[in-house]
Amino acid sequence: MIENIKSELARYGYVFIPELKPNCCTEFIANEIGSIFKVSSFVGYEHIPDIQVLTPREESKSNIKNKYSDNFGLNDFPLHTDLAHWLCPPRYILLRCLNGSDLVSTKIISYDFLVNLLGVKTFKKSVVKTRNGCVLPIVFDKAGITGMRWDSLFLIPMNPSSNEISNLIKSEIIEKNSHHIFLRNKGDTVIIDNWMTIHGRSSVMESEKGRLIERAYLSTIG
Ligand SMILES: [Fe+2]
């Protein structure tokens, strides 16, 4: 199974595994597939559990909006990298279905698709700024692997090329070419390469508010 996961990730940037051991807990599955990236080991993130529960929520009325749900509520979540404002975002995201939906999708598009449209130079020249003023490149290299970051909520484009990328990601061509993954049945699992793709969530209608997903970050597969 691990070799298949690795090859699908290398080819598409994500892998969907239907009804993967539905009676096992997500922590067990995450440890079986790879090594859990412990967000809680970073200063300021000690309260984040290794396995996070994701449920649709209404938009927050508070002035402090630190999560996608706080800002977008039940509407579409725009395409993004998880923890894009970190110097090095976690490599993989594992999402696992506890209570599924036929109508809510996880949208994914690959970095390669974006690069084919705008050219690698545009990406390499692009910089963004975090909310606390830290300037970061969109493209980064870590251990010989090139990754990208994107987030239209927590990162601000800082030069013409990053604005070009911003406009592309919001365009219809990206909407039309995004892959839609549906976590329908208990145990349905998708692993996303958080460096090679960006992802989002479709809107959630009233009837789908019971959707329940667990998330773990992984640093390695296998
Ligand atoms: Fe996300």
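At what angle do helix H4 and helix H6 pack, and how far apart are their axes? I will start there. This is a predicted model, and in this model H4, residues 111-118, packs against H6, residues 160-169, at about 115°. The axes are 11 Å apart, and the crossing of H4 past H6 is right-handed. On the H4 side the contact is made by Leu-114, Leu-117 and Leu-118; on the H6 side, by Glu-164, Ile-165 and Leu-168. By class that gives 5 nonpolar residues, 1 charged and no polar ones.

Now the chain as a whole. It has 222 residues, with 7 helices and 15 strands. The radius of gyration is 17 Å, and a compact globule with this number of residues would come out near 17 Å, so the two agree. Along the principal axes, the C-alpha atoms fill a box of roughly 50 × 45 × 40 Å. Buried residues make up 32% of the chain. Taking contacts with a separation of 6 or more, 80% are between residues 24 or more positions apart.

H1 covers residues 2-12, and of its 11 residues the number buried is 0, so H1 lies largely in the open. Glu-8 is one of the residues in H1. Why does Glu-8 count as partly exposed? There are 16 other C-beta atoms within 10 Å of Glu-8, and a residue needs 20 or more to be buried and 12 or fewer to be exposed, so Glu-8 falls in between. Just after H1 comes Gly-13, with a positive phi of about 85°.

Last, the strands, and S15 in particular. Which strands pair with S15? I have S2, S3 and S5 to report, and each runs antiparallel to S15. S2, residues 34-36, is joined to S15, residues 212-221, by 3 bridges, and Ser-35 stands opposite Thr-220 there. S3, residues 52-54, also pairs over 3 bridges, with Val-53 opposite Glu-214. S5, residues 92-99, pairs with S15 over 7 bridges, and in that pairing Tyr-92 stands opposite Leu-218. One reminder when viewing these on screen: side chains in a regular strand alternate between the two faces of the sheet.

That is what I have for today.

Technical notes
Residues are numbered from 1 along each chain as its sequence is written. This is a predicted model: local features need pLDDT of at least 70, side-chain atom pairs count only at pLDDT 80 or more; totals for chains, interfaces and linings use all residues. Helices (H or I, at least four residues) and strands (E, at least two) are DSSP runs, numbered from the N terminus. The radius of gyration is taken over C-alpha atoms; the globule rule is 2.2 Å times the number of residues to the power 0.38. Two residues are in contact if their C-beta atoms, placed from the backbone, lie within 7 Å. Axes are lines fitted to C-alpha atoms, for helices over the stretch in contact, and angles run from 0 to 180 degrees between N-to-C directions. A crossing is left-handed if the near helix is turned anticlockwise from the far one by less than a right angle, and right-handed if clockwise. Ala, Val, Leu, Ile, Met, Phe, Trp, Tyr, Cys and Pro count as nonpolar, Asp, Glu, Lys and Arg as charged, and the others, Gly among them, as polar. Two strands pair if DSSP finds at least two bridges between them.
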